Amino acid sequence: MAIDPDHQKIRDILKAHHEYWKNSIPLIASENLTSPSVREAAITDLSHRYAEGWIGERVYPGNQYFDDIEDLCIKLLKDLFDAPFIDTRPISGVVANLTIYTAFAQAHDKMLAISIPVGGHISFGPNKAKTGAFIGGTAGAVSRLDVDYLPFDRYGLNIDVDESIKAIRKIKPKILQFGASVFLFPHPVKELAPVAHEVGTHVNYDAAHVAGLIAGSQFQDPIREGTDTMTLSTHKTFPGPQKGIVVAAHDNFAEKIKTAAFPGMTSNHHLMHVAGLAIAAAEFKKFGKEYSKQVIKNAKALGQALYERGIHVVCPEKDFTESHTILVDITNFQNSIGLGAEVEQLLEKAHIVANRNLLPWDILEKRNYRNPGGIRIGSQEITRLGMKESDMVIIAEFFHKLLIKRINPDKIAQEVTDFRSDFQKLHYAFDSLHQAYDFIEII
Ligand SMILES: Cc1ncc(COP(=O)(O)O)c(C=O)c1O
C-alpha cells in the first residue's frame, strides 16, 4: 500500500532529525535522553486517557490502575527527594512554577527572583522587561505578579547575600524564588530563607536544572536548607520524560498545591509521562548517585580542557562550576566569527549542539538575548551516553579546532560523527523491555 505523501514527508524529516542527533555531541544544559524503558511507557494506552483529580478521588473513570502508577511514582519521588508531599500533575517546569504562584500569591503580589540576564528563567520574569535587553516573562504576564530582582553578583555568578537580605526586608515579597537557568553554584538558601520567613514570605526553589544533582545528593539540599517548596522539570539533569512536579517540605502546603495544580493549572496531566517518571525515578534510585557525580566531574573537566585551549570559560577561580553547566564568554570571537548566534550556528554545523546565552554582564555592554556574548554548555546528556573526563578533552579539541584554528565545520562534523559512533548506548538506565510490552497493540 502506498504511503500518503505528507505522512512520508513527516517520516523522512523525523529520520533526518534522528540521524543528526545520533551523530552529534548534545551539550544543551536543559535536555537529556530518556531510557528505552521510559520511552516505552510513552506509547502505552495511558497516552489516550484523562485522570482529573487526585489519586482515589478522580472525577474520571477508568483509572483504577493508573491510580496505582501515580501512587508509586509519588512514593519513589518522595524517597528520592526526602519530602513528605509531591504533586506530579504539572506538565512542565513552567506549569510547576505557575502552580506555586497560584497557590501562594495573588495578582499584584510581589515576587523576588533573579533576572533573566543574570540567569533567571522566563517563568520568573515580569510582564514587561525592565530593560530593553530581554523579554518579559510568565510570572508577570500570566500570574500578574509584580517581580523585583534579587541583587546578584554578576562576576561571582551568584545571589548577593547582604544586598538580598536588605531587599527581602524592604520589599517583603509574597514569594522568594531561588533557582536559575544558568545555575553554576548553589544558591544561598540557608542564608536567605530564614530572613524571608521572618517577613512572611513563601520560599520556593526552582530546581528545574539541578533536580538530578539534588536527587543524587551532589548539589545543595534546598529542603533541608529551608525552602518551603521546590519546583522542577523532570527532564534536565533528572533524566525523565518531559514533565514537571512540585515538592513540598511540609504536608500543610499540600491542599493549596493540589487545588492550584487541578483545577488551577491542568486538566489532562499526560498520564503516560507519570508512568515514565515512575520508571525514571526507579532508575535514578539505582544509578542516580553515580550518574550525578560523573555529570559534575565531566562539567569541571570540560571547563578545564576548554580553558587550557584559550576558550574563556567563566569562573576559573571557582573551578568553573559545581553543577552540570559551564558558561563560555565568546566575545573574543566577535571579529573572527561573531557573537552567540553565529558561534551557535557554527557549532551546529559541526554537529555540536550548545545554545547561545546572555552573560550576566551583557546588558551593561549593550548586548541582548538575540545575539549575546555567551554559550551555555551542559554535561548531563553526554554523561548518559557514557562519556568520561578523557572524552571532555576530545570535545574541547573540537571547539579549539573550530573556534580558534578555524577548521572547516564540515570536516569537524565528520570527526564528531566518528567520535559519536563509540557512544550510542545509554548508561545509568534499565535495559529495554521490548518483550515485556507485548500487551501494547497498535490497532
Ligand atoms: C530555571 C528553570 N525553570 C523552569 C524551566 C521550565 O521548564 P519546562 O521547560 O519544563 O517548562 C526552565 C527551563 O529550561 C528553567 O531553566
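Q: In this predicted model, at what angle do the axes of helix α6 and helix α7 cross, and within what distance do they come?
A: The axes of α6 (residues 161–171) and α7 (residues 189–198) cross at roughly 10° and come within 9 Å.

Q: Why are α6 and α7 called roughly parallel?
A: Angles under 35 degrees count as roughly parallel. The crossing angle of α6 and α7 is roughly 10°, and the two helices are therefore roughly parallel to each other. The crossing in which α6 passes α7 is right-handed.

Q: Which residues make the contact between α6 and α7?
A: From α6 come V161, S164, I165, I168 and R169, and from α7 come E191, L192, V195, A196 and E198. Sorted by class, this contact of α6 with α7 holds six nonpolar, one polar and three charged residues.

Q: What makes α12 and α14 oblique rather than roughly perpendicular?
A: The roughly perpendicular range is 65 to 115 degrees, and roughly antiparallel needs an angle over 145. Helix α12 (residues 340–349) and helix α14 (residues 389–404) pack at about 120°, with axes 11 Å apart.

Q: Which residues of α12 meet which residues of α14, and what classes are present?
A: V343, L346 and L347 in α12 meet F399, L402 and L403 in α14. The contact of α12 with α14 has six nonpolar residues, with no polar and no charged ones.

Q: What makes a space a cavity here, and how many cavities of 30 Å³ or more are counted?
A: A cavity is a set of points where a 1.4 Å probe fits but cannot get out. By this rule there are two cavities of 30 Å³ or more. The largest cavity holds about 60 Å³ of space.

Q: What lines the largest cavity, and which helix gives the most?
A: The lining consists of P239, A280, E283, F284, F287, G288, Y291, R384 and Y428. Helix α11 (residues 271–308) gives the most, with six residues. By class, the lining of the largest cavity has six nonpolar, one polar and two charged residues.

Q: Which helix gives the most to the lining of the largest pocket?
A: α1 gives the most, with six residues. Both α1 (5–22) and α2 (36–42) supply at least two residues each. The lining of the largest pocket divides into ten nonpolar, nine polar and seven charged residues.

Q: What is the omega of the peptide bond that joins F262 and P263, and is this bond cis or trans?
A: Omega is about 10°, and the bond is cis. P263 lies in helix α10 (residues 254–265). Most peptide bonds are trans.

Q: What makes the phi of C315 worth a remark?
A: Most residues other than glycine have a negative phi. C315 is not a glycine, yet its phi is positive, at about 60°. C315 sits in the loop between β11 (312–313) and β12 (325–329).

Definitions and conventions: Residues are numbered from 1 along each chain as its sequence is written. This is a predicted model: local features need pLDDT of at least 70, side-chain atom pairs count only at pLDDT 80 or more; totals for chains, interfaces and linings use all residues. Side-chain values use heavy atoms; hydrogens and water are left out. Axes are lines fitted to C-alpha atoms, for helices over the stretch in contact, and angles run from 0 to 180 degrees between N-to-C directions. Helices (H or I, at least four residues) and strands (E, at least two) are DSSP runs, numbered from the N terminus. A crossing is left-handed if the near helix is turned anticlockwise from the far one by less than a right angle, and right-handed if clockwise. Contact means heavy atoms within 4.5 Å. Ala, Val, Leu, Ile, Met, Phe, Trp, Tyr, Cys and Pro count as nonpolar, Asp, Glu, Lys and Arg as charged, and the others, Gly among them, as polar. On a 1 Å grid over the protein atoms alone, a cavity is a set of points where a 1.4 Å probe fits but cannot get out, and a pocket is an open set with protein on both sides within 12 Å along at least five of seven lines; lining residues have an atom within 4 Å of a point. Grid points are joined across faces, edges and corners, and a volume is the space filled by probe spheres set on the points.
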